[in-house]
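Open the model in your viewer and keep the selection tool ready.

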Amino acid sequence: MASIPEDTIVCTGHYDEGGDFLGFSTVSSSGVEGWSPRNIPPDAPGENPDLAISIEIVVRNPNNKQSAKQAAQRLITAISRIRAKLSENPNKFVIIKGTIFTTAQILTSLENTQWTVSDRPPSEYKNEGVGSSNYDPNGTNADEINFEGILGYAHPNYPDDEGMSALVLHELAHLTEGGYNFFVQNYTKWQSEPAAHRGDFYPSDYSRNVEAFANDLMHAMSAEISLDVEYPAGQLVTPGGYTGPVDPQQIYNTHSSGW
Ligand SMILES: [Zn+2]
């Protein structure tokens, strides 16, 4: 069987010294592919390389390349907007399940994340979602999102790009220390259930609890930084029978009463 064709492209958003967005460039193994969706004017001010956002695009099917690039550009635009909102509100914080999350922490998570847009089908992600996030306390966080998932959130049905704002802030919630700790608490509690009863972690009340936590943090922080978000109806994940997020012990207690 022939190997799966795969093309890696890097889509980068560029900013001037004042932090204003200049445009995108995309580069593949064949070299610079050019600027889109608009050209950088010849008299553009000097760029600030510290502000550049790069997104890796990995597609197996060459037919997905153009759409994946569009998705990457939408993602850069949303990340750029959220970075600006966080920077404008440096002293805001929210408390989720007793843990403080500051705008500075979310900003640090944003700067410390390598984003990837892929055409990996959602069936290959463990969590029923459109991507996967990996918090790394000692290195670079990784967040991969399926291009069709992004284009769904980027749909014009969402006013003011609110679907994309929700998506990016939700992912950033997973990529904080507190978000990761809540995942570990839930995973550990799931592991403590008898093997005969616990089933898979994905999906479980525990994994849904982790999603509910990310949604709560996303909604609370968006209110603090005056960023409108809209999450798709029916996808506001709460663990079965609970108003989430809840202490994982509560899930354990409910489960154990049925053993
Ligand atoms: Zn999530």
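Which residues of the largest nonpolar core touch the most other members? Select Ile-55, Leu-75 and Val-117: they do, in a core of 47 residues. A nonpolar core here is a set of buried Ala, Val, Leu, Ile, Met, Phe, Trp, Tyr and Cys residues joined through side-chain atoms within 4.5 Å. Helix H1 (residues 65–88) gives the largest share of this core, nine residues.

Some ground rules before the next stop. This is a predicted model, in which local features need pLDDT of at least 70 and side-chain atom pairs count only at pLDDT 80 or more, while totals for chains, interfaces and linings use all residues. Residues are numbered from 1 along each chain as its sequence is written, and side-chain values use heavy atoms, with hydrogens and water left out.

**Whole chain**

Zoom out. The protein chain has eight helices and nine strands. Helices (H or I, at least four residues) and strands (E, at least two) are DSSP runs, numbered from the N terminus. Of the 259 residues, 43% are buried. Buried means under 20% relative accessible area, exposed over 50%, and partly exposed in between (1.4 Å probe, protein chains only).

**Helix H1**

Select Leu-75. Beyond its neighbours within four places in sequence, Leu-75 contacts Ile-55, Trp-115, Val-117, Ile-145, Ile-150, Met-164 and Val-168. Contact means heavy atoms within 4.5 Å.

Move to Ser-80, also in helix H1. Ser-80 counts as buried because its relative accessibility is 15%. Not counting residues up to four places away in sequence, Ser-80 touches Tyr-15 and Ile-53.

**Helix H4**

Pick Ser-165 in helix H4 (residues 162–174). At 0% relative accessibility, Ser-165 counts as buried. Its contacts, leaving out residues up to four places away in sequence, are Arg-81, Ile-82, Leu-227, Asp-228 and Val-229.

**Salt bridges**

The structure holds seven salt bridges. Each is a side-chain nitrogen of Lys or Arg within 4 Å of a carboxyl oxygen of Asp or Glu.

Show Asp-161 and Arg-74, whose side chains meet at 2.9 Å, N to O. Asp-161 sits in the loop between helix H3 (147–153) and H4, and Arg-74 in helix H1, so the pair ties together parts that are 87 residues apart in sequence.

Next, Arg-83 and Glu-111, with closest N and O atoms 3.1 Å apart. Arg-83 lies in helix H1 and Glu-111 in helix H2 (residues 103–111), so this bridge ties together parts that are 28 residues apart in sequence. Arg-83 is buried at 6% relative accessibility, whereas Glu-111 is partly exposed at 45%.

**Strands E5 and E6**

Strands pair if DSSP finds at least two bridges between them. Phe-93 stands opposite Thr-102 in E6. At the hairpin, two residues lie between the strands, and Lys-97 takes a positive phi near 50 degrees.

Finish with Ile-100, found in strand E6 (residues 99–102). At 48% relative accessibility, Ile-100 counts as partly exposed.
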